[in-house]
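Subject: A structure for you to explore

Hi there,

Here is the structure I promised to send you. Have a look at it first, and then read on for my notes.

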Amino acid sequence: MQYRNGYSMLGYGCMRFTSRNGNIDYEKTKSEIKRAYELGVNYFDTAYIYPGSEEVLGRILEELEIRDKIILTTKLPQYLVRNRAALDKYLDEELKRLRTDYLDNYLMHHMTDIAQWEKLVSLGVTDWLDEQKKAGKIRHVGFSFHGNTDMFIKILNAYDWDLCLIQYNYLDENSQAGRKGVEAVAEKGIPLFIMEPLRGGKLVNLLPDKAKKEIAEDKHGWSAAEWAFRWLWNQKEITCVLSGMNSIEMLEENCRIASEAEIDGFGDEEFAMIDRIKGYINETMKVTCTGCKYCMPCPKGVDIPAVFSCYNHMYSENKATGRKEFFQTIALRREPAMPSQCVKCGKCESHCPQVIAIRDELVRAQKELMPWYSRIWYRIARRVMVG
Ligand code: SF4
Ligand code: SF4
């Protein structure tokens, strides 16, 4: 295992432990965590809302007697917090579940909009965090993010964070926090953690056949997952990449890659391979948007490239993925940037180098990203998560 800033380059994502008959398979999970620790993984990431995860992880760490030897991260369900008392309630409950009296890292979970942070600030979260740090209950404070680049930069600059966690992989280089977000974190000099390195497994299972064939025939002998991991660890700004690992085999393979991957290990040849894989994925896309943003800003607030990115993911991956991303990054913003806000002024189209019929495509995107049956869910989700 290699380490960056004291963190193992590979972190253990504890969102989905293996379950059996509806419950987490405790013994299997324990043996996987034990093996991960033996192989040098020192970073474990869970959250309040991952079903059963905190309780199981806490019990395993206690039984293996490794709590003080690892770095433990969990997350505040900030979207459920309505008053200051709730901050104490969630933290105390999480400490109890995790069988510990301190957290190495405590993240504001699933931030998508600066308005969420502003709400927490209005409830006194900054003083509260200072108090918890002084009391030794929390050592470092950060946030996990699912939104667009501009919003990421706003949240990053809104507080003196100790770390952050973003979705990032070679397909998200220009979406979510994106490469621009990675560079902004590096400028702050704080550790950067990565989730979804394989885009939920899609950079492995759902690659187009042409990409799979090229990977299989390539002289490096790397798997599709290895290409994705190595692309990330090639970047010096990245501290640790999280992976949810549900077998010893996968764990050992990922640890092997993490022990070999190098900063700036990619040359022209490797980057060209990634570009070709992306090219094959892009061939399956619906709209030829490159995310250049020349069409922005839209006077009505539509986030045109972000909408097209989600719309494309419905086709390059699957419908559920595109819709989930749409809800996370667009529909749940305080100021929504929905395709339905378009008034067809046409201003954007004159700037688009890809000559996309943006107005027509937005109509199609709205229809597919938000089918009629999702509208009630959307209203409820906005009430709960945005307020
Ligand atoms: S046509 Fe629609 S999306 Fe384009 S600038 Fe006008 S309102 Fe915005
Ligand atoms: S200008 Fe065209 S290609 Fe660029 S982001 Fe806008 S829609 Fe996409």
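Let's start with two helices, α9 (residues 209-217) and α12 (residues 268-283), whose axes come within 8 Å of each other and cross at roughly 160 degrees. An angle over 145 degrees counts as roughly antiparallel, so α9 is roughly antiparallel to α12. The crossing of these two helices is right-handed. Please keep in mind that this is a predicted model.

Next, find strand β3, which covers residues 10-13. Which way do its residues point? L10 and Y12 point one way, while G11 and G13 point the other way.

Finally, turn to ligand 2. How many residues surround ligand 2? There are 15, and the closest are C289, C292, C295, P305 and C352. Helix α13 (residues 304-316) gives the largest share of this shell, with 3 residues. By type, the shell of ligand 2 holds 10 nonpolar residues, 4 polar ones and 1 charged one.

Enjoy exploring, and write back with any questions!

Best wishes

Terms used
Residues numbered from 1 in each chain as written. Chains lettered and ligands numbered in written order. Predicted model: local features only at pLDDT ≥ 70, side-chain atom pairs only at ≥ 80, totals over all residues. Near = placed C-beta within 6 Å. Helix = DSSP H or I, 4+ residues; strand = E, 2+ residues; numbered from the N terminus. Nonpolar A, V, L, I, M, F, W, Y, C, P; charged D, E, K, R; others polar. Buried ≥ 20, exposed ≤ 12 C-beta atoms within 10 Å, placed from the backbone. Axes fitted to C-alpha atoms, helices over the stretch in contact; angles between N-to-C directions. Parallel < 35°, antiparallel > 145°, perpendicular 65-115°, else oblique. Left-handed = near helix turned anticlockwise from the far one by under 90°.
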